[in-house]
Amino acid sequence: MMQDTTTNTLTSGNVTIPVIDFSLFTTNPEECARQVGEASQNIGFFYLKNHGLPQDLIDKMFNVSENFFQRPLESKTKHMIGPDNTGYSPMKSETLDPETQTQGDLKEAYNARKGSIDDDITLFFAQGDKELQAKVGEFFKGLHNLARNVMQCFAIALQVPEAAGGRHYFDGSHQWEASSGTTLRFLHYPQQTGDPNTPLAGSHTDYGSITLLMQKDIAGLEVQASRIHKNVPWVAAPVIPNTILVNIADHLQMWTNGLLKSTKHRVMYNPQQLNHSRYSIACFIHANDTTKLDPIPTPLITQEMRAEGVEFEEGRNMTAGEYLDWRLAQTYNFNFDQIPDGTM
């Protein structure tokens, strides 16, 4: 695996999760794109440092999240999650690996989407504080802008012809104003005393284009080292201060016929969780709802490479919006008639 003097690395065996200095996007976009493309093709995960999002804003969002999830269960259930993928999801309501999990994920979450920033969904999460609601919106937009810059790196790395849009190829399909599944998700994994071999969030790939993840204090995320060989060790993705972890999601694997990898990942028990909760924030970036998931124009992918993305073959006949609806229906139980003591 190629390494670069401008890239720090975290290595487990022969598997590397790069740490990319995203200031290169301004000073040397071609080199930044090379590193992003290499990481995406090899493992599908990379950390960004110097990403431009203020750390004090990230810290504030973690504080808002902690204050919300510390509330009693009955005060968190006013806006329950539904097919629109906004609102509160209690413990065990989502099963990310339905083929192998015997119970739902041991986490609770609260989702906001672009269209819900200014409405009661987000105001409720901010506990009625309109200034905090505005900060959530600022944070969400900042992450979306960062994601669009990362998508420019993909377009450069994939050598999209200028006639097709060049580095701005993905701009039109990832618009802030357009309807899409782009979701800001606040996650809480409560203190655990259970089986350390039971996933807190089951093995899965993400459903959109890319995901931006912020972790705090306690690790637990694990990444599957290969999308081809299934029986490979899981690699820990530790908490690195002042970085944002990025991973490839299903759209990009379909768009590139498998050249870029939508890497499976999961959350496992961390011994620190015996006495402490784990918090994370994820921003799931999706293409506009009407975007087709057909291969994109680039000389680097061929029809013969299509077998690399065979597991997503059914999704190729869908738009981005249809694909999200299909995946959510597979993983969620929206029957919230009974929620005994927060465990469902």
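These are my notebook entries on a few places I looked up in this structure, which is a predicted model.

**Entry 1: helix α2**

I began with helix α2, which covers residues 29-42. I wanted to know whether its length fits its residue count.

Next I asked how many of the 14 residues of α2 are buried. Ten are, so the rest of the structure largely encloses this helix. I wrote down the buried ones: P29, E31, C32, A33, Q35, V36, G37, E38, A39 and S40. Charged residues E31 and E38 are on that list, so I kept the cut-off beside it: buried means under 20% relative accessible area.

Past the helix I came to G44, which follows α2 and has a positive phi, near 85 degrees.

**Entry 2: the largest nonpolar core**

Then I turned to the largest nonpolar core, which has 88 residues. Which of them touch the most other members? I found F46, F139, L143, F154, L184, I210 and L212. Helix α5 (residues 130-157) gives this core its largest share, eleven residues. A friendly reminder to myself: in soluble globular proteins, nonpolar side chains tend to be buried together.

Leaving out residues up to four places away in sequence, L184 touches Y110, N111, A112, V136, F139, F140, L143, I281, A282 and C283.

**Entry 3: I244**

My next stop was I244, in strand β11 (residues 243-248). Is I244 buried or exposed? Its relative accessibility is 0%, so I244 counts as buried.

I listed its contacts too, again without residues up to four places away in sequence: F46, Y47, L48, H51, L53, L143, L146, L212, L213 and M214. I also checked M214 by distance: M214 and I244 lie 30 residues apart in sequence, yet their C-alpha atoms are 5.4 Å apart in space.

**Entry 4: a four-stranded sheet**

Last, I traced an open sheet of four strands, in the order β7-β12-β9-β10, with antiparallel pairing. Which strands stand at the edges? They are β7 (201-204) and β10 (234-236); each has a single partner strand, so one side of each is left without a neighbour in the sheet. On average, neighbouring strands here are turned by 25 degrees against each other, ignoring direction.

A201 stands opposite V267 in β12.

Technical notes. Residues are numbered from 1 along each chain as its sequence is written. This is a predicted model: local features need pLDDT of at least 70, side-chain atom pairs count only at pLDDT 80 or more; totals for chains, interfaces and linings use all residues. Side-chain values use heavy atoms; hydrogens and water are left out. Helices (H or I, at least four residues) and strands (E, at least two) are DSSP runs, numbered from the N terminus. Buried means under 20% relative accessible area, exposed over 50%, partly exposed in between (1.4 Å probe, protein chains only). Contact means heavy atoms within 4.5 Å. Two strands pair if DSSP finds at least two bridges between them. Axes are lines fitted to C-alpha atoms, for helices over the stretch in contact, and angles run from 0 to 180 degrees between N-to-C directions. A nonpolar core is a set of buried Ala, Val, Leu, Ile, Met, Phe, Trp, Tyr and Cys residues joined through side-chain atoms within 4.5 Å. The expected span of a helix is 1.5 Å times one less than its number of residues.
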